[in-house]
Amino acid sequence: MTENTMTENMMMENTAPKTAGAGQASGAGLELKHLEAGYGESMILRDVSLTVKPGQVVCLMGRNGVGKSTLMKTVMGLIKPKRGTIAYGGQNYTKQPPDRRAKAGIGYVPQGRDVFPQLTVEENLLLGLEAADAKLRRAGIPQHVFDKFPVLKEMIHRKGGDLSGGQQQQLSIARALVSEPKLLLLDEPMEGIQPSIVMDIERVIESIKASRTMSVLLIEQSLSFATSIADYYYVLDKGVIVAEGSSADLSEDQVRRHLAV
Ligand SMILES: Nc1ncnc2c1ncn2[C@@H]1O[C@H](COP(=O)(O)OP(=O)(O)OP(=O)(O)O)[C@@H](O)[C@H]1O
């Protein structure tokens with residue numbers, strides 16, 4: 001063990017959150033420092049530092065296979081980083097399991113809308129409530145979820161597997177929203193979705209942003225969407241951040257330089 005790793009480990013043990021209830025605010029947002037993570041010996045993220053401030057929408061861009069989904073899985077605790085730290089709400093979560101992160105207010109919508117096909121829409125949504133605090137669980141599925149995705153109300157008793165791809169994506173986002181997270185991780189929510197539903201999902205992200213009660217880390221390849229909704233962007237390439245800045249400054253030239261195949 002290197003001296004650095006020892007210091008890092010000591011720091012993690014000292015600062016590990018003792019109670020990580022869903023009511024805790026993400027006062028200081030999400031802060032990743034020098035993350036190194038991957039699969040077995042294969043390191044996909046080599047040195048990633050990234051911040052999502054409370055209320056911000058941050059877009060993570062990058063070519064296929066550069067490690068964007070790996071980054072989200074690491075934030076959610078599904079992959080253990082080899083080095084670096086993950087702080088959320090001012091507390092160190094680097095060694096915390098996924099359920100503690102979920103209870104602390106991190107919601108995750110993985111790529112590929114993995115709804116439970118044999119469960120009804122309602123049952124899928126109730127599963128999302130598991131991450132919520134006792135008060136929210138008692139209250140049941142909140143109405144605001146149906147206000148955002150009215151189609152889910154209409155299809156409440158249908159099986160997840162019977163929904164169209166776009167409706168499944170809406171269900172997947174809604175399932176993350178029922179526990180009223182403070183930070184939402186969205187992995188390419190518009191991928192392979194028909195344009196009308198893309199617009200519905202964009203509107204939901206816009207309403208989340210307008211409410212300023214939730215921050216969003218979004219993987220998205222569309223320049224127009226990234227510039228219209230995100231406050232800040234990062235470009236990942238081969239496991240390191242190669243560009244970042246205010247989304248208003250994200251130009252065609254930046255995209256050509258960093259994202260064109
Ligand atoms: N479970 C896994 N085991 C081993 N390698 C994996 C695993 N999942 C992903 N990888 C590899 O990690 C690298 C990064 O994949 P990742 O899915 O994070 O990229 P991405 O930027 O999200 O790409 P895309 O835009 O195609 O989703 C790829 O080379 C991929 O093959």
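**Loops, helix packing and ligand shell of a predicted model**

Arg 212 lies in the loop that connects helix 9 (195-211) with strand 8 (215-219); helices (H or I, at least four residues) and strands (E, at least two) are DSSP runs, numbered from the N terminus. The structure is a predicted model, in which local features need pLDDT of at least 70 and side-chain atom pairs count only at pLDDT 80 or more, while totals for chains, interfaces and linings use all residues. Residue numbers start from 1 along each chain as its sequence is written.

Most residues other than glycine have a negative phi. Arg 212 is not a glycine, yet its phi is positive, at about 55 degrees. Arg 212 has 10 other C-beta atoms within 10 Å and is therefore exposed. In this classification, with C-beta atoms placed from the backbone, a residue is buried if 20 or more other C-beta atoms lie within 10 Å of its own, exposed if 12 or fewer, and partly exposed in between.

A positive phi is also found at Lys 238, again not a glycine, with a value of about 45 degrees. Lys 238 belongs to the loop between strand 9 (232-237) and strand 10 (240-246). The count for Lys 238 is 13 other C-beta atoms within 10 Å, so this residue is partly exposed. The loop between strand 9 and strand 10 also holds Gly 239. Gly 239 counts as buried because it has 20 C-beta neighbours inside 10 Å. Although 202 residues separate Gly 239 from Ala 37 in sequence, their C-alpha atoms are 9.0 Å apart in space. When neighbours within four places in sequence are left aside, Gly 239 is in contact with Met 43, Ile 44, Leu 45, Arg 46 and Gly 67; contact requires that the C-beta atoms of two residues, placed from the backbone, lie within 7 Å.

Ser 49 is part of strand 2 (residues 42-52). It counts as partly exposed, since 15 C-beta neighbours lie inside 10 Å. The C-alpha atoms of Ser 49 and Leu 32 are 4.9 Å apart, and the two residues are 17 apart in sequence. Beyond its neighbours within four places in sequence, Ser 49 is in contact with Leu 32, Lys 33, His 34 and Ile 241.

The protein chain contains 11 helices and 10 strands. Of its 261 residues, 40% are buried. Contacts between residues at least 6 apart in sequence were also examined, and 72% of them join residues at least 24 apart.

Helix 8 (residues 165-177) packs against helix 9 at an angle of about 15 degrees, and their axes are 10 Å apart. Axes are lines fitted to C-alpha atoms, for helices over the stretch in contact, and angles run from 0 to 180 degrees between N-to-C directions. Helix 8 is therefore roughly parallel to helix 9, a class that covers angles under 35 degrees. In this contact, Gly 166, Gln 169, Gln 170 and Ile 173 of helix 8 meet Ile 197, Asp 200, Ile 201 and Val 204 of helix 9. Four of the contact residues are nonpolar, three polar and one charged. Here Ala, Val, Leu, Ile, Met, Phe, Trp, Tyr, Cys and Pro count as nonpolar, Asp, Glu, Lys and Arg as charged, and the others, Gly among them, as polar.

Helix 8 also packs with helix 4 (residues 121-128), at an angle of about 35 degrees and with the axes 7 Å apart. Helix 4 contributes Val 121, Asn 124, Leu 125, Leu 127 and Gly 128 to this contact, and helix 8 contributes Leu 171, Ala 174, Arg 175 and Ala 176. These residues divide into six nonpolar, two polar and one charged.

The ligand is surrounded by Tyr 39, Ile 44, Gly 62, Asn 64, Gly 65, Val 66, Gly 67, Lys 68, Ser 69, Thr 70 and Gln 111; the C-beta atom of a shell residue, placed from the backbone, lies within 6 Å of the ligand. Three residues of this shell are nonpolar, seven polar and one charged. Helix 2 (residues 68-76) supplies three residues, the largest share of the shell. Helix 2 is largely enclosed by the rest of the structure, because seven of its nine residues are buried. The buried residues of helix 2 are Lys 68, Thr 70, Leu 71, Met 72, Lys 73, Thr 74 and Val 75. After helix 2 comes Gly 77, with a positive phi near 95 degrees.

Methods: Angles under 35 degrees count as roughly parallel, over 145 as roughly antiparallel, 65 to 115 as roughly perpendicular and the rest as oblique.
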